[in-house]
Amino acid sequence: MRGRDWINLILPDELILEIFDHLDLKSSRDACSLVCKRWCCLERISRDTIRIGASGSPDELVRILSKKFVNVKNLFVDERLAIPMPVDVGRRRAGSQSSVRLHLVSEMSGSQDNEIEAYCLSDAGLASIGDGFSRIEKLSLIWCSNATSAGLKSMAEKCKFLKSLDLQGCYVGDKGLGAVGECCKKLEDLNLRFCEGLTDTGLVELAIGCGSTLKSIGVAACAKITDTSLEAVGTHCKCLESMALDSEFINNKGVLAVAQGCLQLKVLKLQCINVTDEALQAVGLFCLSLELLSLYSFQRFTDKSLYAIGKGCKKLKNLTLSDCYFLSDKGLEAVAAGCTELSHLEVNGCHNIGTFGLETIGRSCKQLSELALLYCQKIGNHALSEVGKGCNYLQALHLVDCSSIGDDAICSIARGCRLLKKLHIRRCYLVGNRGIIAVGENCKFLTDLSLRFCDRVGDSALVAVGQGCSLQHLNVSGCHQIGDAGIIAIARGCPKLSYLDISVLQNLGNMAMAELGEGCPLLKDIVLSHCRQITDVGLEHLVKRCALLETCHMVYCPGITAAGVATVVSSCDKMKKILVEKWKVSQRTRRRAGSIISYLCVDL
């Protein structure tokens, strides 16, 4: 093939475009566009998604991109990202994989406020979106604080095919949202989180205009949106399938209207302190297709609500109960008896739910695949024993601050739930070596293990895991009994390990680092902060073989010096972030890799 471009000579445009369509990564598409002019043009035609962070003159950037990429259907603008100010660019590090970003900086001089505004998308940018991306179907404008109703209206009038609109943090008003309802008749998904400028007027107009197509809506921290809006949604949005509400100004009346009018509702997430049993009982009575229910910080409803959910929502698969203080075992028992298809359950801070309630889940919900228990002091070992006996398809278990759960419970899970893939345990001080050894011996599919601040877990537990499981993610932060022997066993038994957190392990030394370098070539992220016995020598052994490392956190490691930091920088071409004390970074290292180094503390 030397001297002849056989690919371009033989392959037609249609086939090359088909190949481009199978490239998921932006970096792969960018690489293809650099091959030749023909590929560059074809890649621009085929690209359908663009993501823009905070940048200089975003309005102008949108205008330029709209001319180059004419078939874009998905546009994401997120101004939460740090604003990249212009800096003097030195010589790039050889072999750097960092992408070059274009920042068009305004030449206008003025006050600091004007300079900051130059980095925010304005109405002119929204007009450019309408002019250049008229075929757009999905538009996300995250915290675009300079956008107003005028800009949203100009965009809506030209983007007739819009199906999804995210206005999180945008201070748009009713006229803009009303224009969306009037012009975007295909709108299906709408996110209005933190849109403080909206009132009932705008949302009612949108519900009337897009009611026949709207399937999903999210409202949070919109103080002027009340039950009136939800009544309009219940009346006009008969196809609504998903609703998320976080508001102090929504009462039973609004939720009742949605429950009675939106009979196809499948997803309901509520954080409304003024909603009571009456509204949730209506959900159980009318929303028979409900599959996901999340209830947060409810202090005005009781087990009566869960009785109604268990009686009516037979298709419920996902249930989250967070800080619902008046729920008890009886309510959870009703859910277990009626919602036998339940596959995901999270109980967080519901202090009146105990062992008996979870036992009923274990006996009745045979399809349970994920269980999360957070701050559940009354749930004991026997509850998880029932889960281990009855829920053989469990794949993920999360335990946080469950002081009554110990080794007996973990052994029962290990023996009964052999398909377990993810086990996260944090501050469960009764869990020790015996339970984790049982996991290593029985759960051969385990790939993600987190044991944070479990003081009774030591080296013997990790030896069993290393011999029985092929981990990809491991977090043993704060497990003080773990030393070199445990981490060496992981290094020798888990060659696919990509993430490792061994912070605050005082007994860990250089020998473990050397073994990790030899045995875990796929390691990408490592956290070894507060490891006092690790020195530059161990760090050198680690980075010598782990060429794929992307992040390294190593603060408060007195044995690691500026030389060790320089070794990491020079050895890891793919490194994206290093967290270290500022005084450990030499001027040469700072010049070479200043963009990827972060400092926990400035002066130490």
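This is a predicted model: local features need pLDDT of at least 70, side-chain atom pairs count only at pLDDT 80 or more; totals for chains, interfaces and linings use all residues.
Residues are numbered from 1 along each chain as its sequence is written, and side-chain values use heavy atoms, with hydrogens and water left out.

Q: Why is Asn191 called buried?
A: Buried means under 20% relative accessible area, exposed means over 50%, and partly exposed is in between (1.4 Å probe, protein chains only). Asn191 has a relative accessible area of 16%, so buried is the word for it. You'll find Asn191 in strand β5 (residues 189-193); helices (H or I, at least four residues) and strands (E, at least two) are DSSP runs, numbered from the N terminus.

Q: How far apart are Asn191 and Gly312 in space and in sequence?
A: They sit 28 Å apart in space, C-alpha to C-alpha, and 121 residues apart in sequence.

Q: What makes Arg363 and Glu386 a salt bridge?
A: The rule asks for a side-chain nitrogen of Lys or Arg within 4 Å of a carboxyl oxygen of Asp or Glu. Here the closest N and O atoms are 3.7 Å apart, so the pair passes. Arg363 belongs to helix α16 (residues 355-364) and Glu386 to helix α17 (residues 381-390), so the bridge ties together parts that are 23 residues apart in sequence. As for cover, Arg363 is partly exposed at 41%, while Glu386 is buried at 12%.

Q: How do you know that Asp401 and Arg427 form a salt bridge?
A: Their closest N and O atoms are 3.0 Å apart, so they fall within the 4 Å limit. Asp401 is in the loop between β13 (396-400) and α18 (407-416), and Arg427 is in the loop between β14 (422-426) and α19 (433-442), so this pair ties together parts 26 residues apart in sequence. Asp401 is buried at 16%, and Arg427 is partly exposed at 26%.

Q: How many salt bridges turn up in the whole structure?
A: The search finds 14.

Q: What makes the phi of Phe194 worth a look?
A: Most residues other than glycine have a negative phi. Phe194 isn't a glycine, yet its phi is positive, at about 60°. Phe194 is placed in the loop between β5 and α10 (200-210), and at 29% it counts as partly exposed. Tyr375 also has a positive phi without being a glycine, at about 55°. Tyr375 sits in the loop between β12 (370-374) and α17.

Q: Which residues does UniProt list for "domain: F-box"?
A: The unreviewed UniProt entry lists residues 11-52. In this model that span is 62% helix and 10% strand, and its end C-alpha atoms lie 33 Å apart.

Conventions: UniProt positions are given in the numbering used here, feature names are shortened, and annotations may be inferred rather than shown by experiment.
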